[in-house]
Amino acid sequence: MNRASRLIRLWPMTPVWGFLVFFVALGCIAPDPLLPPPPVSNDSIAAQSGQQLVDGFGACGFCHSLDGRTSSALSGGRLMRDKYGDVRAPNITLAASGIGEWSEADLRKLLRANMRPDESTIGADFHKGFEWIADSDIAAITYYVRSLPKVEHVVEPRRLSFIDRNVTGFFDTRLEVKGLIPAISPSFKTEYGQYLTDTVARCGSCHTKPETLLTSEEYLAGGREVSFDGESRIAPNITSSKSAGIGEWSEAGIKRFLTTGQTPQGREVDSRFCPVRFYQRAPESHIDAVVAYLRSVPAIN
């Protein structure tokens with residue numbers, strides 16, 4: 001199921017809502033990708049909302065710091081690996097060596113289309129899901145990131161060869177989401193949890209087994225190799241499978257994991273590979289919504 005279909009399913013489909021969702025869906029494919037996001041009512045709300053997303057389930061510092069710690073600046077440098085090989089996350093502070101010359105529209109286009117101001121593209125693997133983030137959340141994230149201290153730290157961008165882009169990246173798809181994306185009300189707990197899981201935390205970037213020429217994508221079924229700082233781990237299955245996933249975990253057990261990093265069996269997750277230290281800083285309502293959604297994910301053994 002594509003992202004637009006998932007988004008449409010998040011609202012009750014009464015006749016009136018049906019027409020509203022139809023026009024919202026049309027707005028998602030409007031021709032102008034640079035429509036301004038809805039205004040945030042005041043600076044304090046923007047700062048608080050942006051911080052909750054960036055420092056919580058968005059876990060921006062997990063990649064965009066030097067060591068992936070919650071206390072580190074978003075000045076980039078952490079070594080990661082995707083299908084093209086090793087890459088270091090860029091500096092996203094307002095320093096000259098970061099995004100100091102970028103406008104709010106530039107940041108929005110990066111999230112919507114994985115594209116820098118100079119029209120060059122970034123590897124989409126680490127940002128997959130951000131293209132569907134709500135416009136109000138983009139406004140808050142942008143406001144908060146631009147309020148952080150400048151930290152000068154030069155991180156050389158990776159340059160991919162023509163062969164890499166057209167052989168290794170042959171099956172890459174570039175989705176540019178245009179138009180306005182409405183926010184999902186937290187009152188729809190499970191649906192909001194899906195939004196946080198898929199779009200803000202992007203759990204599938206590690207936990208979804210990618211499709212191949214012979215197999216289909218397996219949503220949150222684990223099996224993908226995840227690499228940070230020169231070491232690798234295999235991401236586990238987090239579907240509701242009782243034999244392979246977290247189906248035996250209670251609601252309290254999943255919440256405990258997200259707030260302490262400990263499994264119901266007492267094992268502590270390696271925080272170098274899972275940003276659970278960031279999840280601990282998310283609002284309790286966000287954690288509860290993610291717990292509700294994860295318990296609803298169909299089992300894949």
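Figure 1. Among contacts in the chain with a separation of 6 or more, 62% join residues 24 or more positions apart. This is a predicted model, and its chain contains 12 helices and four strands. Of the 301 residues in the chain, 43% are buried.

**Figure 2. Confidence along the chain.** The average pLDDT of the chain is 85, and 81% of the residues score at least 70. Residues 1-35 have a pLDDT below 50, and in the model this stretch makes 53 contacts beyond near neighbours in sequence.

**Figure 3. The buried side of helix 10.** Welcome to helix 10, which spans residues 251-260 and has Gly-253, Ile-254, Phe-257 and Leu-258 as buried residues. These residues lie on the same side of helix 10, because the arc they cover around the axis is only 135°. Helix 11 (276-279) and helix 12 (284-294) are among the elements that cover the buried residues of helix 10. Just after helix 10 comes Gly-261, with a positive phi of about 85°.

**Figure 4. Helix 12 and what covers it.** Within helix 12 itself, the residues His-286, Ile-287, Ala-289, Val-290, Val-291, Tyr-293 and Leu-294 are buried. The cover over these buried residues includes helix 3, helix 8, helix 10 and helix 11.

**Figure 5. Two residues in the loop between helix 7 and helix 8.** Take a moment with Ser-187, found in the loop that runs between helix 7 (162-168) and helix 8 (189-200). Ser-187 counts as exposed, because its relative accessibility is 60% and the cut-off for exposed is over 50%. From the C-alpha of Ser-187 to that of Ser-285 is 9.9 Å in space, although the two residues are 98 apart in sequence. Phe-188 also has its place in the loop between helix 7 and helix 8. With a relative accessible area of 29%, Phe-188 is partly exposed. A separation of 8.7 Å lies between the C-alpha atoms of Phe-188 and Ala-289, which are 101 residues apart along the chain. Ala-289 is one of the buried residues of helix 12.

**Figure 6. Ser-241 and its contacts.** Next comes Ser-241, placed in the loop between strand 4 (231-234) and helix 10. With a relative accessible area of 1%, Ser-241 is buried. Leaving out residues up to four places away in sequence, Ser-241 touches Ile-246, Gly-247, Ala-299, Ile-300 and Asn-301. Pro-298 is 57 residues from Ser-241 along the chain, and their C-alpha atoms are separated by 7.4 Å.

**Figure 7. The second largest pocket.** Our last stop is an open space of about 1,100 Å³, the second largest pocket. Its lining has 47 residues, and the closest to the pocket centre are His-64, Pro-90, Leu-110, Arg-116 and Ile-122. At least two lining residues come from each of helix 3 (43-55), helix 4 (60-64), strand 1 (79-82), strand 2 (85-88), helix 5 (104-113) and helix 6 (135-147). Sorted by class, the lining of this pocket has 27 nonpolar, 10 polar and 10 charged residues.

Notes: Residues numbered from 1 in each chain as written. Predicted model: local features only at pLDDT ≥ 70, side-chain atom pairs only at ≥ 80, totals over all residues. Heavy atoms only, no water. Buried < 20%, exposed > 50% of the residue type's maximum accessible area, 1.4 Å probe, protein only. Arc of directions from axis to C-beta. Contact = heavy atoms within 4.5 Å. pLDDT = per-residue confidence, 0-100. 1 Å grid on protein atoms, 1.4 Å probe; cavity = no way out; pocket = protein on both sides within 12 Å on 5 of 7 lines; lining within 4 Å. Points joined across faces, edges and corners; volume = space filled by probe spheres on them. Nonpolar A, V, L, I, M, F, W, Y, C, P; charged D, E, K, R; others polar.
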